[in-house]
Amino acid sequence: MSQSEGAVGTYKKWDFDARMEVEKQDRRKVPKGVLSLLAFSPERAITLLYVLLALAFVLFTTLAIVNLQRVSAAWEALEQARTRSENSHATAWHNLSEVQHALDQQLSAELEVIHSRLLNVSREVENARWKMTQCKAGCGKELSDRVRVLEERDTLEPVLRQLAEVKQEQSRASALLDAALEGTRNLSEILCTSCPAGWQQFAKTCYFFSDTTKPWPSAADFCAGFNAHLAVIDSEQENKFLANHIMGNRVFWLGLTDAHKEGDWQWVDGRSLSLTFWNSGEPNNVGHHGEDCVTIYSSGHWNDATCSNSEAWICERSC
Ligand code: MMA
Ligand code: CA
(Lines give C-alpha, C1' and ligand atoms only; values in the text may rest on other atoms or scores of the structure.)
(Ligands and ions follow the chains in the order given, each with its own letter.)
Protein backbone atom coordinates (compact mmCIF):
# COMPACT_ATOMS: atom_id res chain seq x y z
CA MET A 1 0.00 0.00 0.00
CA SER A 2 1.35 3.38 -1.08
CA GLN A 3 1.28 6.39 1.11
CA SER A 4 -1.45 8.00 -0.84
CA GLU A 5 -3.51 4.78 -0.84
CA GLY A 6 -3.08 4.70 2.89
CA ALA A 7 -4.34 8.27 3.09
CA VAL A 8 -7.45 7.49 1.03
CA GLY A 9 -8.18 4.43 3.15
CA THR A 10 -7.92 6.52 6.22
CA TYR A 11 -10.21 9.10 4.69
CA LYS A 12 -12.85 6.45 3.68
CA LYS A 13 -12.79 4.92 7.08
CA TRP A 14 -13.22 8.30 8.62
CA ASP A 15 -16.07 9.07 6.22
CA PHE A 16 -17.81 5.77 7.03
CA ASP A 17 -17.42 6.36 10.71
CA ALA A 18 -18.81 9.85 10.39
CA ARG A 19 -21.85 8.60 8.49
CA MET A 20 -22.52 5.92 11.00
CA GLU A 21 -22.36 8.55 13.65
CA VAL A 22 -24.84 10.74 11.80
CA GLU A 23 -27.19 7.81 11.24
CA LYS A 24 -26.92 6.94 14.87
CA GLN A 25 -27.84 10.49 15.76
CA ASP A 26 -30.77 10.51 13.24
CA ARG A 27 -32.08 7.25 14.59
CA ARG A 28 -32.06 8.83 17.92
CA LYS A 29 -34.14 11.83 16.64
CA VAL A 30 -36.81 10.04 14.44
CA PRO A 31 -39.82 8.39 16.19
CA LYS A 32 -40.12 4.61 16.16
CA GLY A 33 -43.26 4.14 13.78
CA VAL A 34 -41.81 6.26 11.00
CA LEU A 35 -38.58 4.43 11.44
CA SER A 36 -40.28 1.16 10.77
CA LEU A 37 -41.89 2.60 7.62
CA LEU A 38 -38.64 3.90 6.32
CA ALA A 39 -36.95 0.71 7.03
CA PHE A 40 -38.21 -1.07 3.92
CA SER A 41 -36.72 -3.23 1.23
CA PRO A 42 -36.82 -2.21 -2.53
CA GLU A 43 -39.79 -4.58 -3.12
CA ARG A 44 -41.75 -3.04 -0.36
CA ALA A 45 -40.90 0.42 -1.77
CA ILE A 46 -42.16 -0.52 -5.20
CA THR A 47 -45.36 -1.90 -3.66
CA LEU A 48 -45.78 1.30 -1.71
CA LEU A 49 -45.26 3.26 -4.91
CA TYR A 50 -47.97 1.24 -6.63
CA VAL A 51 -50.31 1.78 -3.75
CA LEU A 52 -49.60 5.49 -3.88
CA LEU A 53 -50.14 5.48 -7.65
CA ALA A 54 -53.44 3.65 -7.21
CA LEU A 55 -54.48 6.13 -4.55
CA ALA A 56 -53.55 9.03 -6.83
CA PHE A 57 -55.54 7.46 -9.64
CA VAL A 58 -58.58 6.98 -7.42
CA LEU A 59 -58.29 10.59 -6.22
CA PHE A 60 -57.95 11.88 -9.77
CA THR A 61 -60.92 9.81 -10.96
CA THR A 62 -63.06 11.02 -8.04
CA LEU A 63 -62.14 14.62 -8.76
CA ALA A 64 -62.83 14.12 -12.46
CA ILE A 65 -66.25 12.58 -11.69
CA VAL A 66 -67.13 15.42 -9.32
CA ASN A 67 -66.07 18.01 -11.87
CA LEU A 68 -67.96 16.21 -14.61
CA GLN A 69 -71.09 16.29 -12.46
CA ARG A 70 -70.63 20.02 -11.88
CA VAL A 71 -70.09 20.68 -15.58
CA SER A 72 -73.17 18.69 -16.50
CA ALA A 73 -75.26 20.59 -13.91
CA ALA A 74 -74.00 23.91 -15.32
CA TRP A 75 -74.74 22.69 -18.81
CA GLU A 76 -78.27 21.75 -17.78
CA ALA A 77 -78.82 25.20 -16.21
CA LEU A 78 -77.51 26.81 -19.36
CA GLU A 79 -79.85 24.72 -21.43
CA GLN A 80 -82.81 25.74 -19.25
CA ALA A 81 -81.85 29.40 -19.50
CA ARG A 82 -81.59 29.08 -23.25
CA THR A 83 -85.06 27.48 -23.42
CA ARG A 84 -86.51 30.22 -21.21
CA SER A 85 -84.90 32.92 -23.33
CA GLU A 86 -86.24 31.31 -26.49
CA ASN A 87 -89.70 31.13 -24.96
CA SER A 88 -89.69 34.77 -23.90
CA HIS A 89 -88.33 35.72 -27.29
CA ALA A 90 -91.19 33.89 -28.96
CA THR A 91 -93.75 35.54 -26.66
CA ALA A 92 -92.29 38.99 -27.31
CA TRP A 93 -92.33 38.37 -31.00
CA HIS A 94 -95.94 37.26 -30.80
CA ASN A 95 -96.94 40.37 -28.82
CA LEU A 96 -95.08 42.62 -31.23
CA SER A 97 -96.80 41.14 -34.22
CA GLU A 98 -100.16 41.59 -32.49
CA VAL A 99 -99.41 45.25 -31.76
CA GLN A 100 -98.28 45.75 -35.30
CA HIS A 101 -101.45 44.17 -36.55
CA ALA A 102 -103.58 46.47 -34.37
CA LEU A 103 -101.60 49.52 -35.51
CA ASP A 104 -102.01 48.48 -39.11
CA GLN A 105 -105.75 48.25 -38.65
CA GLN A 106 -105.96 51.64 -36.92
CA LEU A 107 -103.79 53.27 -39.56
CA SER A 108 -105.83 51.89 -42.40
CA ALA A 109 -109.05 53.11 -40.71
CA GLU A 110 -107.58 56.59 -40.32
CA LEU A 111 -106.38 56.56 -43.88
CA GLU A 112 -109.90 55.64 -44.93
CA VAL A 113 -111.28 58.67 -43.07
CA ILE A 114 -108.65 61.00 -44.51
CA HIS A 115 -109.34 59.66 -47.95
CA SER A 116 -113.06 60.28 -47.66
CA ARG A 117 -112.38 63.81 -46.36
CA LEU A 118 -110.05 64.49 -49.26
CA LEU A 119 -112.78 63.29 -51.60
CA ASN A 120 -115.22 65.75 -50.02
CA VAL A 121 -112.70 68.59 -50.28
CA SER A 122 -111.99 67.86 -53.91
CA ARG A 123 -115.75 67.75 -54.54
CA GLU A 124 -116.11 71.15 -52.88
CA VAL A 125 -113.20 72.56 -54.89
CA GLU A 126 -114.86 71.29 -58.03
CA ASN A 127 -118.13 72.91 -56.95
CA ALA A 128 -116.41 76.23 -56.25
CA ARG A 129 -114.67 76.11 -59.61
CA TRP A 130 -118.00 75.51 -61.28
CA LYS A 131 -119.56 78.39 -59.39
CA MET A 132 -116.68 80.66 -60.37
CA THR A 133 -117.12 79.86 -64.05
CA GLN A 134 -120.84 80.53 -63.69
CA CYS A 135 -120.06 83.82 -61.91
CA LYS A 136 -117.75 85.05 -64.63
CA ALA A 137 -120.81 85.99 -66.69
CA GLY A 138 -123.25 87.01 -63.91
CA CYS A 139 -120.91 88.76 -61.50
CA GLY A 140 -119.57 91.05 -64.18
CA LYS A 141 -123.08 92.36 -64.60
CA GLU A 142 -123.47 92.80 -60.87
CA LEU A 143 -120.23 94.78 -60.75
CA SER A 144 -121.27 97.11 -63.54
CA ASP A 145 -124.61 97.61 -61.75
CA ARG A 146 -122.74 98.65 -58.64
CA VAL A 147 -120.59 101.07 -60.61
CA ARG A 148 -123.75 102.56 -62.08
CA VAL A 149 -125.17 103.04 -58.58
CA LEU A 150 -121.95 104.76 -57.55
CA GLU A 151 -122.11 107.02 -60.61
CA GLU A 152 -125.72 107.89 -59.79
CA ARG A 153 -124.61 108.78 -56.30
CA ASP A 154 -122.41 111.50 -57.88
CA THR A 155 -125.56 113.33 -58.91
CA LEU A 156 -126.54 113.38 -55.21
CA GLU A 157 -123.29 115.03 -54.21
CA PRO A 158 -124.43 118.69 -54.53
CA VAL A 159 -127.44 117.89 -52.36
CA LEU A 160 -125.22 116.21 -49.74
CA ARG A 161 -122.87 119.17 -49.78
CA GLN A 162 -125.75 121.53 -49.14
CA LEU A 163 -126.90 119.33 -46.29
CA ALA A 164 -123.43 119.50 -44.70
CA GLU A 165 -123.45 123.28 -45.03
CA VAL A 166 -126.84 123.44 -43.34
CA LYS A 167 -125.52 121.28 -40.52
CA GLN A 168 -122.52 123.57 -40.05
CA GLU A 169 -124.83 126.58 -39.98
CA GLN A 170 -126.96 124.85 -37.36
CA SER A 171 -124.00 124.12 -35.06
CA ARG A 172 -122.81 127.75 -35.43
CA ALA A 173 -126.28 129.00 -34.47
CA SER A 174 -126.37 126.62 -31.48
CA ALA A 175 -122.99 127.95 -30.25
CA LEU A 176 -124.32 131.54 -30.57
CA LEU A 177 -127.42 130.57 -28.61
CA ASP A 178 -125.26 129.03 -25.85
CA ALA A 179 -123.22 132.24 -25.64
CA ALA A 180 -126.42 134.33 -25.45
CA LEU A 181 -127.82 132.11 -22.69
CA GLU A 182 -124.56 132.38 -20.74
CA GLY A 183 -124.81 136.19 -21.13
CA THR A 184 -128.35 136.32 -19.75
CA ARG A 185 -127.30 134.07 -16.84
CA ASN A 186 -124.43 136.43 -16.00
CA LEU A 187 -126.81 139.38 -16.26
CA SER A 188 -129.34 137.79 -13.94
CA GLU A 189 -126.52 137.02 -11.53
CA ILE A 190 -125.41 140.64 -11.63
CA LEU A 191 -128.91 141.92 -11.18
CA CYS A 192 -129.72 138.98 -8.84
CA THR A 193 -133.40 139.75 -8.86
CA SER A 194 -134.54 136.18 -8.38
CA CYS A 195 -134.16 135.76 -4.54
CA PRO A 196 -137.52 134.60 -3.12
CA ALA A 197 -139.45 136.97 -0.87
CA GLY A 198 -138.00 136.98 2.66
CA TRP A 199 -134.55 135.76 1.46
CA GLN A 200 -131.46 137.96 1.85
CA GLN A 201 -129.06 138.55 -1.00
CA PHE A 202 -125.28 138.61 -0.73
CA ALA A 203 -122.77 138.26 -3.63
CA LYS A 204 -125.12 136.66 -6.16
CA THR A 205 -126.44 134.35 -3.45
CA CYS A 206 -129.75 134.21 -1.58
CA TYR A 207 -129.95 133.31 2.15
CA PHE A 208 -132.90 132.35 4.33
CA PHE A 209 -132.73 132.86 8.13
CA SER A 210 -135.42 130.81 9.86
CA ASP A 211 -137.64 132.17 12.65
CA THR A 212 -138.45 128.67 13.94
CA THR A 213 -136.22 125.83 15.06
CA LYS A 214 -135.72 122.23 13.84
CA PRO A 215 -133.24 119.38 14.28
CA TRP A 216 -130.40 119.53 11.72
CA PRO A 217 -131.78 116.83 9.30
CA SER A 218 -135.25 118.49 9.12
CA ALA A 219 -133.63 121.89 8.55
CA ALA A 220 -131.59 120.38 5.70
CA ASP A 221 -134.84 118.94 4.19
CA PHE A 222 -136.52 122.34 4.49
CA CYS A 223 -133.74 123.98 2.43
CA ALA A 224 -133.87 121.23 -0.19
CA GLY A 225 -137.59 122.01 -0.61
CA PHE A 226 -136.53 125.49 -1.80
CA ASN A 227 -133.93 124.21 -4.23
CA ALA A 228 -131.35 125.34 -1.66
CA HIS A 229 -129.07 123.80 1.02
CA LEU A 230 -127.93 124.69 4.56
CA ALA A 231 -125.39 127.53 4.41
CA VAL A 232 -121.89 126.69 3.18
CA ILE A 233 -119.27 129.29 4.10
CA ASP A 234 -116.34 129.81 1.78
CA SER A 235 -115.08 133.30 2.64
CA GLU A 236 -114.58 135.52 5.68
CA GLN A 237 -116.94 138.09 4.11
CA GLU A 238 -119.68 135.54 3.81
CA ASN A 239 -119.17 134.40 7.44
CA LYS A 240 -119.35 138.06 8.56
CA PHE A 241 -122.50 138.70 6.45
CA LEU A 242 -124.25 135.75 8.12
CA ALA A 243 -123.09 136.71 11.63
CA ASN A 244 -124.42 140.27 11.11
CA HIS A 245 -127.90 138.85 10.52
CA ILE A 246 -127.93 136.95 13.85
CA MET A 247 -129.51 138.78 16.78
CA GLY A 248 -128.53 138.31 20.43
CA ASN A 249 -127.74 134.81 21.66
CA ARG A 250 -129.50 132.94 18.86
CA VAL A 251 -127.63 130.19 17.01
CA PHE A 252 -128.23 128.82 13.48
CA TRP A 253 -127.44 125.46 11.84
CA LEU A 254 -124.83 125.59 9.07
CA GLY A 255 -124.47 122.93 6.35
CA LEU A 256 -121.41 121.35 8.04
CA THR A 257 -121.36 117.82 9.56
CA ASP A 258 -119.10 114.93 10.55
CA ALA A 259 -122.02 112.48 11.06
CA HIS A 260 -120.57 110.03 8.47
CA LYS A 261 -117.15 109.88 10.17
CA GLU A 262 -116.12 111.49 13.46
CA GLY A 263 -113.71 114.39 12.90
CA ASP A 264 -114.08 114.35 9.10
CA TRP A 265 -116.02 117.61 8.62
CA GLN A 266 -117.76 118.04 5.28
CA TRP A 267 -119.95 120.77 3.77
CA VAL A 268 -123.33 119.62 2.45
CA ASP A 269 -122.44 120.66 -1.11
CA GLY A 270 -119.47 118.29 -1.06
CA ARG A 271 -116.82 121.01 -0.64
CA SER A 272 -114.07 120.14 1.84
CA LEU A 273 -113.48 122.21 4.95
CA SER A 274 -110.50 124.56 4.60
CA LEU A 275 -111.52 127.92 6.09
CA THR A 276 -112.80 127.54 9.69
CA PHE A 277 -114.17 129.83 12.40
CA TRP A 278 -114.40 127.40 15.34
CA ASN A 279 -115.11 128.93 18.77
CA SER A 280 -112.19 128.35 21.12
CA GLY A 281 -112.20 124.74 22.38
CA GLU A 282 -114.44 123.58 19.52
CA PRO A 283 -115.22 121.13 18.05
CA ASN A 284 -115.41 119.13 21.32
CA ASN A 285 -118.07 116.50 20.51
CA VAL A 286 -119.52 116.55 24.06
CA GLY A 287 -122.58 114.70 25.42
CA HIS A 288 -123.98 111.16 25.17
CA HIS A 289 -124.98 111.52 21.53
CA GLY A 290 -121.86 113.42 20.52
CA GLU A 291 -121.94 116.61 18.41
CA ASP A 292 -121.85 116.04 14.65
CA CYS A 293 -123.61 119.19 13.32
CA VAL A 294 -122.38 122.80 13.35
CA THR A 295 -124.03 126.05 14.51
CA ILE A 296 -122.91 129.65 14.07
CA TYR A 297 -123.11 132.27 16.85
CA SER A 298 -123.76 136.00 16.36
CA SER A 299 -120.01 136.46 16.95
CA GLY A 300 -119.44 134.47 13.79
CA HIS A 301 -117.79 131.61 15.73
CA TRP A 302 -118.81 127.99 15.22
CA ASN A 303 -119.72 125.20 17.62
CA ASP A 304 -120.34 121.50 17.05
CA ALA A 305 -123.71 120.56 18.57
CA THR A 306 -125.94 117.48 18.83
CA CYS A 307 -127.75 117.10 15.47
CA SER A 308 -131.09 116.23 17.14
CA ASN A 309 -131.12 119.61 18.95
CA SER A 310 -133.78 122.00 17.72
CA GLU A 311 -132.11 125.13 16.35
CA ALA A 312 -132.79 127.87 13.82
CA TRP A 313 -131.06 127.40 10.44
CA ILE A 314 -129.76 129.27 7.37
CA CYS A 315 -130.54 128.11 3.83
CA GLU A 316 -128.47 129.22 0.84
CA ARG A 317 -128.97 129.13 -2.92
CA SER A 318 -127.56 130.99 -5.90
CA CYS A 319 -129.66 133.79 -7.47
C1 MMA B 1 -121.20 124.47 25.53
C2 MMA B 1 -119.88 123.94 24.95
C3 MMA B 1 -120.13 123.48 23.55
C4 MMA B 1 -121.25 122.48 23.50
C5 MMA B 1 -122.49 123.04 24.15
C6 MMA B 1 -123.55 121.97 24.25
C7 MMA B 1 -122.64 126.31 25.31
O8 MMA B 1 -121.55 125.63 24.79
O9 MMA B 1 -119.42 122.85 25.68
O10 MMA B 1 -118.97 122.91 22.97
O11 MMA B 1 -121.49 122.11 22.17
O12 MMA B 1 -122.16 123.48 25.44
O13 MMA B 1 -124.73 122.52 24.73
CA1 CA C 1 -119.42 121.75 20.83
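The structure is a predicted model.

## Overall make-up

The chain holds 5 helices and 8 strands. Read from the N terminus, the order of elements is α-α-α-β-β-α-β-α-β-β-β-β-β. Of the 319 residues in the chain, 18% are buried.

The accessible surface of the chain is about 24400 Å². Carbon and sulfur atoms account for 60% of that surface. Take the contacts between residues at least 6 apart in sequence: 67% of them join residues at least 24 apart.

## Helix α4

Helix α4 spans residues 216-224, and its residues Trp-216, Ala-219 and Cys-223 are buried. Viewed down the axis of α4, the buried residues lie within an arc of 60 degrees, so they line one face of the helix. An α-helix has 3.6 residues a turn, so residues three or four places apart point the same way.

What does the buried side of α4 pack against? The partners of its buried residues are β3 (229-230), β4 (252-257), β6 (293-296) and β8 (312-318).

## Strand β8 and its partners

β8 is mostly covered, with 5 of its 7 residues buried. Strand β2 (residues 205-209) pairs with β8 in the antiparallel sense, over 5 bridges. Here Cys-206 stands opposite Arg-317 of β8.

β3 also runs antiparallel to β8, and 2 bridges join them. Leu-230 has Cys-315 as its bridge partner in β8. The pairing of β4 with β8 is parallel, over 2 bridges. Trp-253 faces Trp-313 of β8 as its opposite residue.

## Disulfides

The structure has 3 disulfides. One joins Cys-195 and Cys-206, with sulfur atoms 1.8 Å apart. The link spans distant parts of the chain: Cys-195 sits in the loop between α3 (42-191) and β1 (200-202), Cys-206 in strand β2, 11 residues apart. The torsion about the S-S bond of Cys-195 and Cys-206 is about -95 degrees, so this disulfide is left-handed. Cys-195 and Cys-206 are both buried.

Another disulfide ties Cys-223 to Cys-315, S to S 2.1 Å. Cys-223 belongs to helix α4 and Cys-315 to strand β8, and the two are 92 residues apart. The link of Cys-223 and Cys-315 is left-handed, with -85 degrees about the S-S bond. Both of these cysteines, Cys-223 and Cys-315, are buried.

## The Cys-293 and Cys-307 link

Cys-293 and Cys-307 form a disulfide with their sulfur atoms 2.0 Å apart. Cys-293 lies in strand β6, Cys-307 in the loop between β7 (302-305) and β8, 14 residues apart. What is the hand of this link? The link of Cys-293 and Cys-307 is right-handed, with 95 degrees about the S-S bond.

Cys-293 has a relative accessible area of 1% and is buried. Cys-307, at 16% relative accessibility, counts as buried, because buried means under 20% relative accessible area.

Conventions: Residues are numbered from 1 along each chain as its sequence is written. Chains are lettered from A and ligands numbered from 1 in the order in which they are written. This is a predicted model: local features need pLDDT of at least 70, side-chain atom pairs count only at pLDDT 80 or more; totals for chains, interfaces and linings use all residues. Side-chain values use heavy atoms; hydrogens and water are left out. Buried means under 20% relative accessible area, exposed over 50%, partly exposed in between (1.4 Å probe, protein chains only). Helices (H or I, at least four residues) and strands (E, at least two) are DSSP runs, numbered from the N terminus. The arc is that of the directions from the helix axis to the C-beta atoms. Contact means heavy atoms within 4.5 Å. Two strands pair if DSSP finds at least two bridges between them. Accessible areas come from the Shrake-Rupley method with a 1.4 Å probe; for residues, only the protein chains shown count as cover. A disulfide is a pair of cysteine sulfur atoms within 2.5 Å.
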